[in-house]
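Biologist: I have a model open and would like to learn how to read it. Where should I start?

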Amino acid sequence: MTKKIFRAIFMVAFLVLLACLALITGVLYDNFTRQQSDQLSAQAELAAQGVEDEGLAYFDGLDSGDTRITWIAADGSVLYDTDADSGAMENHSTREEFIEAVETGRGESSRYSSTLSTETIYRAVLLDDGTVLRTAADHDTVLALLLGMFFPLLAIVAAAVALAAWLASRLARRIVGPLNAIDLDSPLENEAYDELSPLLTRVESQKEQIKSQLEELSRRREEFSAVTDNMSEGLILLDREGMILSINPSAARIFGAGSASIGRDILTLDRSPELRSLMESASAGRHGEVVIERGGAEYQLSASPVLTDGVSRGTVLLAFDVTEKLKAERIRREFTANVSHELKTPLHSIMGAAELLQDGLVKSEDQQRFLGRIRSEAERLVALVDDVIDLSRMDEGDNFPREETDLLQLARDVAGDLGPAAEKRGIAISVGGSGGSVFGVRRLLWEIVWNLCDNAVKYGRDGGHVSVAVEGTASGGVSLSVADDGIGIPAEHRARVFERFYRVDKSHSRATGGTGLGLSIVKHAAQYHGAQIELESEEGRGTRIAVLFPPRSTG
Amino acid sequence: MRNKFDEQLATLNREMISMGALCEEAIAVTARSILDGDNPAAIDRVRVLENEIDQKERDIESICLKLLLQQQPVAGDLRQISAALKMITDMERIGDQALDIAETAVFMGPLEPEDAPLLGELARKVISMVTDSVDAFVRHDAEAAGSVAAKDDEADSLFTRIKSSIIERISRHSGTGEYALDLLMIAKYLERIGDHATNIAEWVEFSVTGVHKGGEML
């Protein structure tokens with residue numbers, strides 16, 4: 001900027017200088033030349049008069065100053081010259097002013113010297129005797145004048161350069177100074193010169209625009225992170241190269257990633273074969289899903305490529321916790337397998353016995369035994385199917401009719417039913433407690449009591465003791481507890497005994513009978529009534545299971 | 001220009017992690033095949049993995065040489081690239097030896113129950129060494145790399161114990177000699193894999209700190 005201003009100022013100064021110089025030189029030179037020529041003409045007239053009067057004597061003691069006076073004879077030879085020896089001078093008959101004077105009485109001409117630095121002007125007057133008197137004067141040419149002024153001019157130009165430079169830098173500072181001092185945060189409050197206000201207005205409007213865009217951006221980012229931070233699924237965004245662009249807290253937890261993982265390769269978090277094959281399919285533009293196991297939980301990872309115009313721009317990686325789902329699936333599979341197995345076993349027995357009977361291979365005295373077996377196995381089947389139906393009805397959440405049920409009476413009935421089986425093994429069943437009644441589904445409550453007592457007898461010690469107690473609880477509810485002094489449940493099985501068909505004794509021993517659904521029914525029936533189950537057991541010492549019914553809701 | 005360089009370094013890093021992961025998988029599959037005894041399926045998988053590891057070695061070599069020639073890296077970058085060149089040799093050997101183990105296991109037949117605990121322990125130790133050394137590389141963690149060497153001593157002593165148990169068995173003239181030799185070979189291969197893992201860890205340490213086996217190299 002300074003340079004441009006400097007050039008402008010300097011050019012102006014220089015042009016003005018040149019113009020002034022040309023004008024002044026032209027006018028003054030012209031003026032001066034005219035004056036000199038008038039003076040010369042006058043001198044010529046004066047000298048002509050003198051020579052007419054006095055002849056050669058006129059020149060004696062004449063001080064002609066700068067003017068040179070030459071007296072030329074009619075043939076052109078020089079009679080006298082004030083500056084030079086007349087004898088040595090050449091003939092002047094060819095001189096322009098001489099010829100002109102001879103013809104018209106007056107003559108004038110001018111000639112430049114060989115160096116062009118001086119111009120000589122001549123005036124000639126014809127005398128009466130035919131001779132010519134000529135005056136001549138030198139004056140410097142314009143070129144010589146200018147040459148003479150060269151150094152002063154140079155000085156002036158130098159001064160102009162210096163002045164221009166100083167002015168330019170000062171001006172530039174004054175133009176730029178306010179610009180640098182502008183407070184861009186509040187452009188309109190600046191005290192700058194008028195020319196800046198359009199700029200400041202534009203800055204202001206752009207500032208507003210940027211601000212609103214930034215706000216919009218950060219709002220969107222907040223929305224995004226509010227969504228992703230609080231989701232339980234892990235979400236990772238990857239660029240085309242597999243670098244992590246964004247990772248939400250759930251994903252960071254699943255993969256054990258720190259805050260420094262953004263911008264790093266996904267493989268630094270996890271390089272399992274499953275994830276690598278997933279990334280490969282994603283980078284090829286295909287959607288993929290795998291299940292990985294991390295920290296005891298199972299996650300389903302799904303990778304979807306982000307496609308723009310068919311080109312993969314990155315990958316979205318989602319991780320769901322499918323531990324529960326897979327567990328439920330596993331239990332369902334086990335249940336199905338178990339049900340089929342449990343249903344098949346009695347059927348095989350029935351089929352076998354029936355075939356033998358049909359083929360007449362059974363002696364008539366054994367027929368009753370075979371028929372008895374068919375009947376008992378069929379009963380077993382019916383019991384099993386009943387149990388399964390009960391369970392599935394409870395699963396469906398069917399509404400059963402509720403009624404006031406005396407648990408103590410129910411326990412006595414059950415104890416009576418189980419009496420023969422218990423007696424066979426020498427087990428004494430005692431029913432006691434202060435008693436209590438529950439407003440519930442009589443059938444389900446019976447299932448609870450029956451299954452608990454049945455188990456206690458089945459897994460009790462020969463000659464042992466089963467005690468059933470129905471008590472009111474401190475919170476106003478009712479507790480039913482069944483305790484035996486039998487084999488107990490090993491610690492590692494306690495959590496699973498309520499699963500369907502789960503048996504501590506994996507051999508599915510038929511010695512004790514039972515469907516493997518008893519405790520599962522108890523659990524579901526208890527849940528149906530909002531009751532809690534407590535299990536205390538010690539291996540070899542016995543088991544105590546208590547069902548705690550909540551206080552009756554008044555509504 | 002620098003951008004391209006960073007990109008190439010990132011590619012190198014990714015390929016190295018992949019190769020390390022392939023090694024981990026190869027030896028894990030191999031170990032499972034010996035301990036669980038489902039050899040035929042495993043050996044095919046290991047063969048595929050070994051091929052992939054070899055391919056990765058060539059790829060990484062070419063990336064490294066390209067980087068060295070075109071970018072003339074210095075300091076940490078140079079260390080990382082030269083360490084990578086050394087590491088892939090060890091990784092490739094791990095792949096080869098995993099395949100050797102799988103092949104030997106086919107000849108050897110099922111593992112005798114009395115050998116299972118020791119060999120299993122050695123295999124787990126070696127797998128964890130490979131995992132640790134790759135982890136150390138992934139995290140540029142010199143300290144984790146240092147801990148691999150300590151495990152190598154444990155692996156060596158496990159190998160010695162397996163060897164003495166074999167010697168004892170031979171002196172009792174029980175079992176077949178072929179089985180004993182195969183078992184010894186497998187144990188030796190496992191022990192070698194441990195050594196390679198140690199080498200990798202040492203190169204990781206070098207690439208992070210510039211110190212290799214306790215001495216400045218550059």
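Modeller: Start with contacts. Two residues are in contact if their C-beta atoms, placed from the backbone, lie within 7 Å. Keep in mind that this is a predicted model.

Biologist: In chain A, what share of the contacts between residues at least 6 apart in sequence join residues at least 24 apart?

Modeller: The share is 56%. Chain A itself has 13 helices and 17 strands.

Biologist: How much of chain A is buried?

Modeller: Burial is judged by counting neighbours: a residue is buried if 20 or more other C-beta atoms lie within 10 Å of its own. By that count, 23% of the 555 residues in chain A are buried.

Biologist: Which residues of H13(A) are buried?

Modeller: H13(A) is mostly covered, with 9 of its 11 residues buried. They are A:Gly518, A:Leu519, A:Ser520, A:Ile521, A:Val522, A:Lys523, A:His524, A:Ala525 and A:Ala526. The cover includes helix H9 (364-396), H11, strand S16 (532-538) and strand S17 (542-549) of chain A. Just after H13(A), A:Gly530 has a positive phi of about 70°.

Biologist: At what angle do H11 and H13 of chain A pack?

Modeller: For a helix pair, read the angle, the distance and the handedness. Helix H11 (residues 442-458) and helix H13 (residues 518-528) of chain A pack at about 145°, and their axes are 9 Å apart. Their crossing is left-handed. H11(A) contributes A:Leu444, A:Glu447, A:Ile448, A:Asn451, A:Leu452, A:Asp454 and A:Asn455 to the contact, while the residues from H13(A) include A:Leu519, A:Val522 and A:Tyr528. By class, the residues of this contact are 9 nonpolar, 3 polar and 2 charged.

Biologist: Now the strands. What is the order of the open sheet of 5 strands in chain A?

Modeller: The order in chain A is S7-S6-S10-S9-S8, with antiparallel pairing. Strand S7 (244-247) and strand S8 (288-294) of chain A are the edge strands, each pairing on one side only. On average, neighbouring strands in this sheet are turned by 20° against each other, direction ignored.

Biologist: How many bridges join S6(A) to S7(A)?

Modeller: There are 3 bridges between strand S6 (residues 234-239) of chain A and S7(A), and the two run antiparallel. One to look up is the bridge from A:Leu237 to its partner A:Ser246 in S7(A).

Biologist: Which residues form the covered face of S13(A), and which the uncovered one?

Modeller: In strand S13 (residues 437-440) of chain A, A:Val438 and A:Gly440 make up the covered face, and A:Ser437 and A:Phe439 the uncovered one. Strand S11 (residues 403-406) of chain A pairs with S13(A) in the antiparallel sense over 4 bridges. A:Gly440 is the bridge partner of A:Glu403.

Biologist: Which residues have the most contacts inside the largest nonpolar core?

Modeller: That core has 82 residues, and B:Ile27, B:Leu122, B:Val126 and B:Val130 have the most contacts inside it. Leaving aside neighbours within four places in sequence, B:Ile27 is in contact with B:Ile94, B:Ala98, B:Val126, B:Ile127, B:Val130 and B:Ile193. Another core, of 40 residues, lies apart from it; A:Ile429, A:Val438, A:Val470 and A:Val482 are among its members.

Biologist: How many residues of chain A are in contact with chain B?

Modeller: 8 residues of chain A are in contact with 9 residues of chain B. On the chain A side, 2 are nonpolar, 2 polar and 4 charged.

Definitions and conventions. Residues are numbered from 1 along each chain as its sequence is written. Chains are lettered from A and ligands numbered from 1 in the order in which they are written. This is a predicted model: local features need pLDDT of at least 70, side-chain atom pairs count only at pLDDT 80 or more; totals for chains, interfaces and linings use all residues. Axes are lines fitted to C-alpha atoms, for helices over the stretch in contact, and angles run from 0 to 180 degrees between N-to-C directions. A crossing is left-handed if the near helix is turned anticlockwise from the far one by less than a right angle, and right-handed if clockwise. Ala, Val, Leu, Ile, Met, Phe, Trp, Tyr, Cys and Pro count as nonpolar, Asp, Glu, Lys and Arg as charged, and the others, Gly among them, as polar. Two strands pair if DSSP finds at least two bridges between them. A residue is buried if 20 or more other C-beta atoms lie within 10 Å of its own, exposed if 12 or fewer, and partly exposed in between; C-beta atoms are placed from the backbone. A nonpolar core is a set of buried Ala, Val, Leu, Ile, Met, Phe, Trp, Tyr and Cys residues joined through C-beta atoms within 7 Å.
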